[in-house]
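Welcome! Take a moment to look over the sequence and the structure, and then read on for a short tour.

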Amino acid sequence: MAKLNFVPLTSYHDIKNSMSTNKLALIRYKTIDNCLCQRHRKWTLEDLIEKVSDALYELEGIHNGISKRTIQGDIQLMRSNKLGYNAPIIVTDRKFYSYSDPTYSISNSPITSLDMKKMKEAVDLLKHLNGFSYFDEMSDMILRLENSLIKSEGAQKPVVQMESNKLLKGLNWISTLHHAILEEIPLLITYKSFKSLGPIQDVYYPYLLKEYRNRWFLICKPKKGNLLITLALDRIVDIDEMAKNGFIPYEGIDFDRYFADTIGVTKSQKDRGQKVILKIDSFNAPYVETKPLHNSQQIIHKKDDGSIMIRLDVILNFELEREILGFGENIEVIAPRNLRDRIKKRISKNLQQYTKEIE
């Protein structure tokens, strides 16, 4: 049996106590930040105290409230360089708090050396605990954390390069949306789709955040509609929280399994997975075998020439078509007929672009 390397108890408790103490302060800072980022209203000190008290009660069950002195101290700390925030908090009319920079958020602040030290300690602890089966699912997260810390510190070159898109918009909404889903808070979202001429405001009930190919999406229901829709976070212009008692849960759907039969995010409640049969040539067969196109993938036939026939049970949507077209001539749709015809039509249209002269 392999020898287990246990973390010294003092190290574990030091980190645990430190994280527990800092957690409450972080909730206060984050709540104040969320308030000041909402520029549609003016925030008095009493407003901030009320919001922080609500957050501490909802997240930690603390019902004693928070003192005026504590919030004033938090604001001073956020303004200073001690936490690395240097938050541009100003007071207007001697009572209204706001950020002088409308684009500022503590979420965008760089990590301080103290933060770095604490995160390294936490990652070291997680690496030790990762030897137990309970933490198997954390391996990828620990690897990402450790690699990010190495890069941020600049002490040595990173040994792992994760996929990322520096130009991707909308990531700043993830924290707000995650909180709204957990706390069941309706949202007034200003959204500009690719097709609309300008931004449109509507009230939505948020249910699920989903990531696909480095883009994030919100699965929600508009207040004026009955069906679920998908909003791309990079098309969201603004978000305002509404009264919590107005939230309407969505009944009849298990969101843990909602996308189980889907490649991507394009889906309605009425869509059902269909049997899709694909032929993969011998060159790409090993790739598709080791990296399945979907969790439902089954190899139903292997030919002598090395090509394979696979079955997927998925919804017929845009993302599936894009996945198939990405293989070019190395893949063939066998069934269903409507998908085969659709791919054939798109390939034919694509071919026409290359048979005419460039203008």
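K279 stands opposite E332, a residue of strand β11. The model in which they sit is predicted. How many bridges link β8 and β11? These two strands pair over four bridges, in the antiparallel sense. Strand β8 covers residues 274-280.

Let us look at the sheet around this pair. Four strands make up an open sheet, and reading across it gives the order β9-β10-β8-β11, with antiparallel pairing. At the edges lie β9 (298-302) and β11 (331-335), each of which pairs on one side only. On average, neighbouring strands of this sheet are turned by 30° against each other, direction ignored.

A helix joins the picture too. Helix α9, made of residues 337-355, packs on the sheet, where α9 touches β8 and β11. The direction of α9 makes about 145° with that of β11.

Here are the elements whose residue ranges have come up so far.

| Element | Residues |
|---|---|
| Strand β8 | residues 274-280 |
| Strand β9 | residues 298-302 |
| Strand β11 | residues 331-335 |
| Helix α9 | residues 337-355 |

Now step back to the whole protein chain. Its secondary structure comes to nine helices and eleven strands. The chain has 359 residues, and 36% of them count as buried. Its accessible surface comes to about 23,400 Å², with 52% belonging to carbon and sulfur atoms. Finally, consider contacts between residues at least 6 apart in sequence: 56% of these join residues at least 24 apart.

Note on methods: Residues are numbered from 1 along each chain as its sequence is written. This is a predicted model: local features need pLDDT of at least 70, side-chain atom pairs count only at pLDDT 80 or more; totals for chains, interfaces and linings use all residues. Side-chain values use heavy atoms; hydrogens and water are left out. Buried means under 20% relative accessible area, exposed over 50%, partly exposed in between (1.4 Å probe, protein chains only). Contact means heavy atoms within 4.5 Å. Accessible areas come from the Shrake-Rupley method with a 1.4 Å probe; for residues, only the protein chains shown count as cover. Two strands pair if DSSP finds at least two bridges between them. Axes are lines fitted to C-alpha atoms, for helices over the stretch in contact, and angles run from 0 to 180 degrees between N-to-C directions.
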